[in-house]
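Welcome, and please open the model in your viewer. We will go from stop to stop, selecting a piece each time and looking at what is there.

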Amino acid sequence: MKRFACILLCLAALASCVKKEARPAYIVQVSLGPWNAPAYTAQQIIGRLDTVSRIIPVKNVIIGWSNRPEIYREVGDFLHAKGIGMYFWLPVFAETEEMCENTPLLDLWGQEPGSFDLTSGEGFRFNCPSHPENAAHIVALYDGLYADCGFDGVFMDRIRTQSFVGGVSGVLSCGCPLCTERYKAEGVDMEAVRQAWEADGDAFLSVTGYTPAEGFVFENPLAAAFFKAKGHVVSSAVGALADSLRSRGLEIGMDLYAPFMAPFVGQDYAILSQHADFIKPMLYRATTAPAGMGFEYNLLKQAAPGAAGYPEFQMDLAFLESQLEAMEPYSCGKFPGIEINYREGVAHTSPEYVTESLDAVMRHGFDGAVLSWNIMEAPEAHIACLKE
Ligand SMILES: [Zn+2]
């Protein structure tokens, strides 16, 4: 009996020890700006990453997407000497027009949907997820410029269709002949979707409720079938691309919409997580720009004001918890994206916001967080608050 009690005590001590060691790992992003004009030199990046990695434990650095390989070689040498991994930040279905040819995504009326183009200038066209040449060009772009830069992995961004930024038509996509065939194979007739939308308008998107486990439940079975098929069409294409990159010995990270909005842009977490080493759902509560959770949700409501059943979500801690809960079933690495940058009118973050968000991530037993979206410009206080 005594021996049994002793074993129990030992186990309890071990458990508390393990718990204490569950410290967050951090992934940081270096946003280099446009393809042809890197915003920083390699030495500036190295200087900054050296400072940051002395404050918090950095596991990986995501850097891109300038077309100057020498920057990555230099930064990579520095990172690898410190045992830090380097991922190339690769935009997949948008923003590659300067670098390769693309076939654009089309809506159900054969048009290119509108894009976000207000003062921020963050407007970008999306390309068809099914077109084999689009995928081939992306892989060729990586092979041609980045294969010998020392990358440990690729962080796939823009792995989706247009969101409600382009109105409802951007979400009811891609309607090109190739995608129409793929939807047909999934049991969805795109012509019927178009007719249903034209007949019912916003009501086509009405829902009967929302739970983190199930997501939104669509009232119209055709809408439910469409979004399920959309997840399969878009995410299988992303999965195939991820596998192709993985066959080059690369790890794979993925930039994802928050679980509640993911179905609208074709991101099926169950499929994607099978092709990723880690996923980074963008759980931005303080960002009032694309990818901000409240911003994207408001766009949905503005694009389809007649769609019923969408609850009022406050971008509070409880909502963050609901999105973390929705991520739990997937077995790949889970590094939610928490924004630490600050920008007046765009990202109203604070040290309190950063620590509150990270504490929630760790309560869910996840690996850590991606500190978004550019470590080069993140306020010092938003990094210092994470120091243990
Ligand atoms: Zn298409």
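**Stop one: helix α6**

Select P177, E181 and A185: these exposed residues sit on the face of α6 turned away from its buried side. Keep in mind as you look around that this is a predicted model.

Now turn to the other side of the helix. Across residues 177-185, the buried residues of α6 are C179, R182 and Y183. Looking down the axis of α6, you will find these buried residues within an arc of 100 degrees, so they line one face of the helix. An α-helix has 3.6 residues a turn, so residues three or four places apart point the same way.

What covers that buried side? Show α7 (190-200) and α8, which are among the elements covering the buried residues of α6.

**Stop two: helix α4**

Next, select residues 132-145, which form helix α4. Its 14 residues reach 20 Å from the first C-alpha to the last, close to the 20 Å expected at 1.5 Å a residue.

Which residues of α4 are buried? Highlight N134, A135, I138 and Y142. They cover an arc of only 105 degrees around the axis, which puts them on the same side of α4. On the face turned away from that buried side, look for the exposed residues P132 and D143.

Then display what the buried residues of α4 pack against: β3, β4 and α8 (221-246). Strand β3 is our next stop.

Select residues 85-91. Six of the seven residues of this strand, β3, are buried, so it is largely enclosed by the rest of the structure.

Begin with β2 (residues 58-64), which runs parallel to β3 and is joined to it by four bridges. If you pick N60, its bridge partner in β3 is G85. To get from β2 to β3, trace the chain through helix α3 (residues 69-81); this β-α-β crossover is right-handed.

Now look at β4 (residues 153-157), again parallel to β3, with five bridges joining the two. Pick L90 and you will find its bridge partner, M156, in β4.

**Stop four: the whole sheet**

Where do these strands belong? Show the open sheet of nine strands and read across it in the order β9-β8-β7-β4-β3-β2-β1-β11-β10, with parallel pairing. At the edges are β9 (333-334) and β10 (337-339), each of which pairs on one side only.

Finally, zoom out and colour by secondary structure: the protein chain has 13 helices and 11 strands. Its C-alpha trace spans about 70 × 60 × 40 Å along the principal axes.

How does the radius of gyration fit with a compact globule? For 388 residues such a globule would have a radius near 21 Å, and the chain has 22 Å, which agrees. Colour by burial next, and buried residues make up 45% of the 388.

To end, draw the contacts between residues at least 6 apart in sequence: 80% of them join residues at least 24 apart.

Methods:
Residues are numbered from 1 along each chain as its sequence is written. This is a predicted model: local features need pLDDT of at least 70, side-chain atom pairs count only at pLDDT 80 or more; totals for chains, interfaces and linings use all residues. A residue is buried if 20 or more other C-beta atoms lie within 10 Å of its own, exposed if 12 or fewer, and partly exposed in between; C-beta atoms are placed from the backbone. Two strands pair if DSSP finds at least two bridges between them. A crossover is right-handed if, with the strands pointing away from the viewer, the path from the first strand over the helix to the second runs clockwise. The radius of gyration is taken over C-alpha atoms; the globule rule is 2.2 Å times the number of residues to the power 0.38. Two residues are in contact if their C-beta atoms, placed from the backbone, lie within 7 Å. The expected span of a helix is 1.5 Å times one less than its number of residues. The arc is that of the directions from the helix axis to the C-beta atoms.
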